[in-house]
Amino acid sequence: MEAFGRIVKMYMKTAYSAALDYVCNVEDARDLSQDAFIAVYRARKSFDVSKPFFRWFYTILRNICLNFIKSRRKLKVLSEDVLEFRSDDYETPEGYASYSERAGIIWEALFKLSPEHREIVVLRDLSGFSYKEIARMLDLPEGTAMSRLYYARNRLYELLEGFDF
Amino acid sequence: MSCPRSEIDPLRYLDGVMSPGEREEFQRHLESCEDCTRTVQRFEELGRITRRVKMRDPTDEFWKTYWKSLYRRMERRVAWIFILIGTVIFSVYAIYEMIRSFGVLTLEKVAAAFILIGVLLLLVSVVRERCHQYKVDRYKDVKR
């Protein structure tokens with residue numbers, strides 16, 4: 001249990017933020033990322049130690065999130081204030097409100113993407129994973145991952161077109 | 001007709017995964033290809049936006065309670081397993097007693113029969129739903 005606790009502490013932030021990318025709701029993301037840890041604990045004997053842990057964990061987490069999305073016709077209300085600008089212009093209340101509003105527009109646009117498109121945009125453009133890492137995590141050929149990113153970025157561009165950032 | 005290179009190459013170009021030679025060749029291609037130029041411009045613009053945002057970190061309190069609530073959930077699962085085992089043992093014993101005194105109709109037997117029928121109906125319903133879910137599950141082949 002102690003080793004499991006260490007694993008949770010090591011990966012909880014990554015797991016939570018990955019789940020949030022899928023479900024866009026803070027409470028659901030917390031519950032689903034915890035479900036993934038529980039699943040990992042229960043399946044610990046089937047884990048092949050010669051393989052990377054994170055890839056195995058991510059597959060479990062991804063399945064849990066996609067099954068959750070599939071089991072619900074509509075996702076819960078979109079959580080607010082999840083994205084923020086990497087900017088120092090928060091010193092004035094006006095600056096904060098303006099950046100917060102713009103971050104909200106981007107978050108809403110991400111929410112409108114399909115789960116598959118959202119996941120690839122977040123992995124590449126927000127989390128900065130390489131194409132090779134993304135292909136491994138999603139169990140896809142690298143070319144397919146890039147092609148999916150092409151369509152996802154185009155869709156996101158259309159959704160954000162016309163807004164002033 | 002759209003350029004066959006407009007899907008992958010603009011991504012590789014913008015993300016810096018092209019070799020210097022490929023990059024130079026693609027830059028020359030951009031001068032004569034509207035599709036690829038448009039994709040590069042779109043993605044450059046989008047990149048300027050996405051590079052500037054990040055996920056807001058939850059509060060320290062959130063992380064403090066994260067492990068605690070996960071631990072509680074696991075603890076509760078163990079509690080449910082104990083309850084389930086106890087219920088099964090109790091039910092088997094009740095059935096055994098009912099069979100032993102077959103022929104005598106008592107209120108306890110009627111109540112137990114209703115509970116048993118209810119549990120069986122629930123079980124059949126859950127099994128049927130799981131079978132249906134398995135048939136339509138797009139992710140069932142994904143290895144865990």
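This short talk covers how chain A and chain B meet, and a few side-chain pairs in the structure. One caution before I start: this is a predicted model.

Let's begin with the contact itself. Chain A brings 56 residues to it, and chain B brings 38 residues. How much area is buried between chain A and chain B? About 4,900 Å². Carbon and sulfur atoms give 62% of that. On the chain A side, three residues lose the most area to chain B: A:Glu84, A:Tyr150 and A:Tyr157. Together they account for 14% of what that side buries.

Keep A:Glu84 in mind. Its bridge partner is B:Lys54, in β1 of chain B. That brings us to the strands. β1(A) pairs with β1(B), residues 53–55. The sense is antiparallel, and the pairing runs over three bridges.

Which elements of chain A give two or more residues to the side that touches chain B? Here they are: α1 (2–23), α2 (26–42), α3 (53–71), β1 (83–85), α4 (93–112), α5 (115–126) and α7 (142–160). α7(A) gives the most, with 12 residues. By class, that side of chain A has 31 nonpolar residues, nine polar and 16 charged.

On to charge pairs. How many salt bridges are there between chain A and chain B? Three. In one salt bridge, the side chain of A:Arg124 meets that of B:Asp15, at 3.4 Å from N to O.

Over all chains, the salt bridge count comes to 16. Take a pair inside chain A: A:Arg148 with A:Glu119. Their closest N and O atoms are 3.7 Å apart. A:Arg148 sits in helix α7 of chain A and A:Glu119 in helix α5 of chain A, so this pair ties together parts that are 29 residues apart in sequence.

Last topic, aromatics. Searching the whole structure gives 21 aromatic pairs over all chains. My example is B:Tyr13 with B:Phe26, a tilted pair. The centres are 5.3 Å apart, with 50 degrees between the planes. Why does this pair tie together parts that are 13 residues apart in sequence? Because B:Tyr13 lies in helix α1 (residues 9–14) of chain B, while B:Phe26 lies in helix α2 (residues 20–32) of chain B.

That's my set. Thanks.

How values were computed
Residues are numbered from 1 along each chain as its sequence is written. Chains are lettered from A and ligands numbered from 1 in the order in which they are written. This is a predicted model: local features need pLDDT of at least 70, side-chain atom pairs count only at pLDDT 80 or more; totals for chains, interfaces and linings use all residues. Side-chain values use heavy atoms; hydrogens and water are left out. Contact means heavy atoms within 4.5 Å. Buried area is the accessible area (1.4 Å probe) that two parts lose on being put together, summed over both. A salt bridge is a side-chain nitrogen of Lys or Arg within 4 Å of a carboxyl oxygen of Asp or Glu. Helices (H or I, at least four residues) and strands (E, at least two) are DSSP runs, numbered from the N terminus. Ala, Val, Leu, Ile, Met, Phe, Trp, Tyr, Cys and Pro count as nonpolar, Asp, Glu, Lys and Arg as charged, and the others, Gly among them, as polar. Two strands pair if DSSP finds at least two bridges between them. Rings of Phe, Tyr and Trp (its six-membered ring) pair if their centres lie within 6.5 Å; planes under 30 degrees apart count as stacked, over 60 as edge-to-face and the rest as tilted.
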